[in-house]
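Work through the exercises below with the sequence and the model open. Try each task before reading its solution.

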Amino acid sequence: MVIAIGLEGSANKLGIGIIKDGQVLSNPRVTYITPPGEGFLPSETARHHQAEIINLLEKSIKEAKVRPEEIDVICYTKGPGMGAPLVSVAVVARTIAQLWKKPIVGVNHCIGHIEMGRHITGAKDPTVLYVSGDRFARILKLSNDPSPGYNIEQLAKRGKKLLALPYVVKGMDVSFSGLLSFIEEKAETLKREYTPEDLCFSLQEAVFAMLVETTDPVVLNIFLERAMAHTGSQEVLIVGGVGCNERLQEMMNRMCEERQAKLFATDERFCIDNGAMIAQAGSEMYSAGMVTSPWEETFCTQRYRTDEVEVVWRND
Amino acid sequence: MTSHPHEPAQLRVVIPFPSKEQALIAHNSLRVDREPKRSQVQKTLFVEKHCLIVELVGPDARSLRLSSNTFFDHLTLVQKTIDKFSLDKFGSSEPRTEDFDGIEAKKPCLN
């Protein structure tokens with residue numbers, strides 16, 4: 001029976017969650033919300049996390065109704081993400097690991113999403129789609145509250161005019177940056193012809209056309225087909241902020257039904273960055289003997305590929 | 001502002017803690033992270049008695065200011081965490097009595 005605490009702060013969301021034997025005992029979160037159209041800078045985000053983390057840690061422990069001594073392992077986000085915010089959280093994680101004399105585990109943020117998604121939905125061996133969408137919301141000056149993806153979706157529902165947007169696929173990787181650069185460059189011109197609602201609608205359709213089969217030439221659907229064939233998986237799991245998007249889920253569901261595959265997705269509690277997902281992944285790692293050691297290894301890294309992590313805790 | 005072109009600027013800060021144990025905890029929490037790539041500052045951290053000593057060496061005063069600001073932000077975070085979440089203090093309203101050598105703690109680190 002493992003009780004794990006997870007500390008997450010790789011972007012503008014700060015979350016601390018406690019999990020006992022797979023059950024979420026607490027998962028409070030605070031978000032650094034910037035004015036619409038402004039992105040969040042690393043130093044400001046770090047200051048926000050520093051200002052909030054002590055109270056959030058206390059809240060997490062009180063809500064979980066556990067004593068610090070009962071916690072078996074301290075889990076924190078090693079990366080990927082923004083450097084200054086990551087370090088601000090890691091410093092606290094290292095301190096409580098020493099104060100409570102417990103092992104520490106550095107967790108890959110994306111693995112946190114994936115493991116929580118698998119855990120919550122019960123998907124056994126899914127092909128995983130990880131989708132995050134802050135940059136587009138910034139171009140259109142959409143509010144970051146509750147999340148950019150949610151606000152894109154709300155506007156898209158009212159969009160009518162479709163603008164064809166370019167995208168690129170290289171092998172198994174899909175690049176959205178060309179699409180976003182296109183919008184960034186032409187934003188002012190586009191805004192005269194298309195309303196924000198139209199642009200959200202167009203982006204959503206373009207991105208999701210890349211992800212799922214539609215009447216347009218499929219690019220990402222090919223990617224997913226290949227990925228599923230490669231893993232032999234009949235399950236698809238969507239994680240990440242945009243994963244909450246109902247339209248995406250609806251389109252993915254259609255694709256899955258066509259292939260007799262099963263679609264799994266979580267709700268916004270776990271799609272959006274949170275501490276419990278770090279605790280969940282960290283708990284799995286801890287149980288498999290993967291603590292972060294020696295102490296010098298408890299650093300943070302802005303770039304941390306998902307495939308750099310050796311998944312020894314799953315043998316399916 | 002002029003600075004000597006070939007001599008680095010230096011800053012040495014001495015932070016006393018209530019105990020050597022706490023100084024060591026702070027040292028461990030703060031020594032892991034390297035200075036950011038763009039920073040030209042070299043940071044050295046070590047513990048002497050009950051004090052955490054940090055030495056910063058950089059090309060000019062500005063670089064030291066940036067580096068030390070970040071350091072103090074993190075140091076404050078560590079101190080708050082120790083104050084709030086030490087096992088004997090957590091949830092209690094009484095400050096604990098230190099059980100280390102009292103004489104050693106009162107001796108200043110500077111001489």
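**Exercise 1. The sheet of chain B**

In what sense do strand 2 and strand 3 (residues 51–58) of chain B pair, and over how many bridges?

Solution. Start with the ground rules. This is a predicted model, in which local features need pLDDT of at least 70 and side-chain atom pairs count only at pLDDT 80 or more, while totals for chains, interfaces and linings use all residues. Residues are numbered from 1 along each chain as its sequence is written, chains are lettered from A and ligands numbered from 1 in the order in which they are written, and side-chain values use heavy atoms, with hydrogens and water left out.

Helices (H or I, at least four residues) and strands (E, at least two) are DSSP runs, numbered from the N terminus. Two strands pair if DSSP finds at least two bridges between them.

- Step 1: strand 2 and strand 3 of chain B pair in the antiparallel sense, over seven bridges.
- Step 2: find two of the partners. E48(B) is bridged to C51(B) in strand 3. Q42(B) is bridged to V57(B) in strand 3.
- Step 3: look at the hairpin of these strands. Two residues lie between the strands, and K49(B) takes a positive phi near 55°.

**Exercise 2. Order and packing**

Give the strand order of the open sheet in chain B.

Solution. 

- Step 1: the three strands run in the order 1-3-2, with antiparallel pairing.
- Step 2: strand 1 (9–16) and strand 2 (42–48) of chain B are the edges. Each has a single partner strand, so one side of each has no neighbour in the sheet.
- Step 3: neighbouring strands are turned by 15° against each other on average, direction ignored. Axes are lines fitted to C-alpha atoms, for helices over the stretch in contact, and angles run from 0 to 180 degrees between N-to-C directions.
- Step 4: helix 1 (residues 20–31) of chain B packs on the sheet and touches strand 2 and strand 3. Contact means heavy atoms within 4.5 Å. The direction of helix 1 makes about 160° with that of strand 2.

**Exercise 3. The interface**

Describe how chain B meets chain A.

Solution. 

- Step 1: 21 residues of chain B are in contact with 24 residues of chain A.
- Step 2: the buried area is about 2,100 Å², and carbon and sulfur atoms give 68% of it. This is the accessible area (1.4 Å probe) that two parts lose on being put together, summed over both.
- Step 3: L77(B), F85(B) and L87(B) supply 30% of the area that chain B buries against chain A, more than any other three residues.
- Step 4: the rule finds three salt bridges across the interface. Each needs a side-chain nitrogen of Lys or Arg within 4 Å of a carboxyl oxygen of Asp or Glu. K84(B) and E58(A) meet in a salt bridge at 3.1 Å, N to O.
- Step 5: Helix 2 of chain B gives the largest share, nine residues.

**Exercise 4. Backbone in chain A**

Solution. 

- Step 1: the bond runs from G79(A) to P80(A), with omega near -10°.
- Step 2: P80(A) lies in the loop between strand 5 (73–79) and helix 2 (83–99) of chain A.
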